[in-house]
Amino acid sequence: MSKRPFDKSERVDLSGEAIHWDLGSSLSYGQYLHLDKVLEAQKPLSGEHDEMLFIVVHQVSELWMRLMLHELSDVLERVQRDDLGPSFKSLLRISRVQSQLLSSWEVLSTLTPADYSAFRNALGRSSGFQSYQYRLLEFLLGNKNAEMIEVHRRDPAVYARLERALRAPSLYDEVLRLLSRRGYGIPDDYLNREFSEPYRPSKQVAGAWLGIYHNAEKDWDLYELAERLIDLDYKFQLWRFHHVKTVERIIGYKSGTGGTGGVSYLAKALELKFFPELWQVRTSM
């Protein structure tokens, strides 16, 4: 009988591999990643099997958001310095992270209404509405709403960080300043506005973006930036839509644990756009 190409009893041949069986004083993989803390952070309260899924999905999402904030901070600094080339790598990475966040809803959607109901009361008033990292992302991208930070007053450090982000120029504010420095007509009251206030679309800003699209060869980096921003905005809209449909699938039209109307509240954000003029100019081209 001929030998099968692969036999489960065979072992990987380690001969010739200079494996460090003794790590000596070096950090191990687990120590470097602080896995003792990471893997001890999942602490279900109800004893129900499916609560672990709920915790892991949300913790992983928070880690991806942390990476997004890290990358967006770099993008913002690059825009301030008019050094756009390296920012495109960060924006591409953010796009890949957003794909992972979108996929997380597919995992969470395996939770049935009965599964979730079995441990929902254990959540108390805790809710994704209270995710300060998500709020930082929205502020950094330009969706400013001072009321949103009030739920974080019990944590002075987080509240102060959110308040700074609320009052600071968003990424889009800095992009418009860059366009102005490059000679595109951005109104002065948009360059030096009260940054804690919600952004209002401008015909002049739309005209500036239209000029960039019509002169892509001259200002290719600005054209590329515009398309990367659209991609970021587009995937945020997809994320919100998947959020709404996943919540609807699991709890229907019940109120959220954080006190919102649940699906009815989430649906209000479906038409939100961080960079409205970049969407408007598509009709004009």
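Reader: Which residues is Trp209 in contact with, leaving aside its neighbours within four places in sequence?

Author: A contact list shows what a residue packs against once its neighbours in sequence are set aside. In this predicted model, Trp209 is in contact with Tyr172, Val175, Leu176, Leu179, Leu222, Ala226, Glu277, Leu278 and Val281.

Reader: Which residues have the most contacts inside the largest nonpolar core?

Author: They are Leu171, Leu179 and Trp209, in a core of 69 residues. Helix 11, residues 220-251, gives the most to this core, with 12 residues.

Reader: Val247 lies in helix 11. Is Val247 buried or exposed?

Author: Read the relative accessible area against the cut-off: buried means under 20%. Val247 has 17%, so Val247 is buried. Leaving aside its neighbours within four places in sequence, Val247 is in contact with Gly252, Val263 and Leu266. Val247 and Leu266 are 19 residues apart along the chain, and their C-alpha atoms are separated by 9.1 Å.

Reader: What volume does the second largest pocket have, and how many residues line it?

Author: Its volume is about 310 Å³. The lining has 18 residues, of which Ser73, Leu76, Leu136, Leu140 and Ala165 lie nearest the centre of the pocket.

Reader: Which helices each supply at least two residues of that lining?

Author: Helix 3 (51-80), helix 6 (132-141) and helix 7 (156-167) do. The largest share, 7 residues, comes from helix 3.

Conventions. Residues are numbered from 1 along each chain as its sequence is written. This is a predicted model: local features need pLDDT of at least 70, side-chain atom pairs count only at pLDDT 80 or more; totals for chains, interfaces and linings use all residues. Side-chain values use heavy atoms; hydrogens and water are left out. On a 1 Å grid over the protein atoms alone, a cavity is a set of points where a 1.4 Å probe fits but cannot get out, and a pocket is an open set with protein on both sides within 12 Å along at least five of seven lines; lining residues have an atom within 4 Å of a point. Grid points are joined across faces, edges and corners, and a volume is the space filled by probe spheres set on the points. Helices (H or I, at least four residues) and strands (E, at least two) are DSSP runs, numbered from the N terminus. A nonpolar core is a set of buried Ala, Val, Leu, Ile, Met, Phe, Trp, Tyr and Cys residues joined through side-chain atoms within 4.5 Å. Buried means under 20% relative accessible area, exposed over 50%, partly exposed in between (1.4 Å probe, protein chains only). Contact means heavy atoms within 4.5 Å.
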